[in-house]
Amino acid sequence: MLLVPLFGVGLGVGIGLLLPWEIPITYKSYTALAILATVDAIFGGMRAQLEENFIFSKFMVSFFANAILAVALAYFGNILGIDIYMGAVVAFSIRLFNNLSLIREFLIIRYWRRGSQK
Amino acid sequence: MLKRSWVVGVGLASMLLGMLLVFQFRTETNVKTYLPQFKTVSELGIKWSRMQTDLNKKEEELQRLRQQLKDYNRDAELKSLRMAAGVTALRGPGVEITLTDVTRPLRSYEDPNLFIVHYDQLELLVNELWAAGAEAVAINGVRLVAQTGFSCAGTTILVGNKKLAPPYVIRAIGDPQTLKAALTIPGGYLESQILPFELGITIKQENSLYLPPYKGSSVFTYAEEVPEEIEEMFTGEEEEGDEREGENGILLEGEPVVEGEEL
């Protein structure tokens, strides 16, 4: 299960290296948010898989909704001169750690179960 | 156990993450190569304000130079240069000096060589006039310019390349009183050069004198004009040299090394 995200990231890096694009310097803060949103989506997806309630459409919708909201916040923050995107960063980070802790619990529990079964 | 939709969803998200990471890394590398010395925004801000000040200064200079360019009057400069070069006829107030050889008959024991006008007397007179602020001088209608020299040519005097014979009429444009005073000052030209030899001299102050233009050629076969920038460079070096000499020769020891590096 852990292999899928790792393999995906590896493939993404390969494709990225082949493509000549780079991010304009003006949109740097937006990329940070986009990266956080994808990481959040991946962890969320893993957690959902472990809880066995993963729904593809929900996953996609929440991923894009989160990303768009974060980018919009950053955009308006930029216009207003306030670092509102910080809020999105913090929110994503908290969710990340939450998901990570849940995934950790699940994995440990599963490991223990396996160990006790043997 | 793994749903295909999960694999697709998370896989796509992971791929996107990887690509974003690569693009972002590329941007960051570029930023660091272009602005390697700046780590924080405030440093950049300081640099920016410094450059802004520089820019303001340069703009002021530009403004000043533009003004200079606007004020620069080509015709006026050309006119003054032509006047200085002596290629135009000039008129103005000044003095008219007439020098003649001795008029009375000489006695048998007197050396006639002492009682005629010599070229050095003429030269000294002209030097005195220049020193007194004469703006233009002509002798017997020969305008004196930068290349004019005096020399002895038998009974005549060679001024430039014209042979002149007495009486010598020297016309000088300038402040008439100053010019006259410069010649008649006690112990000056008149007393030391003219009176002892009983030469004839009249100094007339004139309100309007006419000076003809210089009629010789001015061909430069060997001389070449030095561009203005290089001229400034030369003068700059000379000034630096003076400073170095002023510092007790401590820097003089290092000087050859520095010049060697420059070469």
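In α2(A), the residues Lys28(A), Thr31(A), Ala34(A), Ile35(A), Thr38(A), Val39(A), Ala41(A), Ile42(A), Gly45(A), Met46(A) and Gln49(A) meet a set in α1(B), namely Trp6(B), Gly9(B), Val10(B), Ala13(B), Ser14(B), Leu16(B), Leu17(B), Leu20(B), Leu21(B), Gln24(B) and Thr27(B). Two residues are in contact here if their C-beta atoms, placed from the backbone, lie within 7 Å. Helices are DSSP runs of H or I of at least four residues, strands are runs of E of at least two, and both are numbered from the N terminus.

A word on conventions: this is a predicted model, in which local features need pLDDT of at least 70 and side-chain atom pairs count only at pLDDT 80 or more, while totals for chains, interfaces and linings use all residues. Residues are numbered from 1 along each chain as its sequence is written, and chains are lettered from A and ligands numbered from 1 in the order in which they are written.

Now the geometry of that first pair. Axes are lines fitted to C-alpha atoms, for helices over the stretch in contact, and angles run from 0 to 180 degrees between N-to-C directions. Angles over 145 degrees count as roughly antiparallel, under 35 as roughly parallel, 65 to 115 as roughly perpendicular and the rest as oblique. The crossing of α2(A) and α1(B) is left-handed, a term for a near helix turned anticlockwise from the far one by less than a right angle, clockwise being right-handed.

α2(A) itself has 24 residues and reaches 35 Å from its first C-alpha to its last, close to the 34 Å expected; the expected span is 1.5 Å times one less than the number of residues. After α2(A) comes Glu52(A), with a positive phi near 60 degrees.

Which residues of α3(A) meet α1(B)? They are Phe56(A), Phe59(A), Met60(A) and Phe63(A), and their partners in α1(B) are Ser5(B), Gly9(B) and Ala13(B). Helix α3 of chain A, residues 56-80, packs on α1(B) at about 20 degrees, again with axes 9 Å apart. α3(A) and α1(B) are therefore roughly parallel, and their crossing is right-handed.

Buried means 20 or more other C-beta atoms within 10 Å of the residue's own, exposed means 12 or fewer, and partly exposed lies in between, with C-beta atoms placed from the backbone. Chain B has 8 helices and 8 strands, and 19% of its 263 residues are buried.

Finally, helix α4 of chain B, residues 119-131. Its buried residues are Gln121(B), Leu125(B) and Leu129(B). Seen down the axis of α4(B), they fall within an arc of 75 degrees, so they line one face of the helix; the arc is that of the directions from the helix axis to the C-beta atoms. An α-helix has 3.6 residues a turn, so residues three or four places apart point the same way. Asn127(B) and Ala131(B), on the other side of α4(B), are exposed. The cover over the buried residues of α4(B) includes β2, β7, α5 and α6 of chain B.
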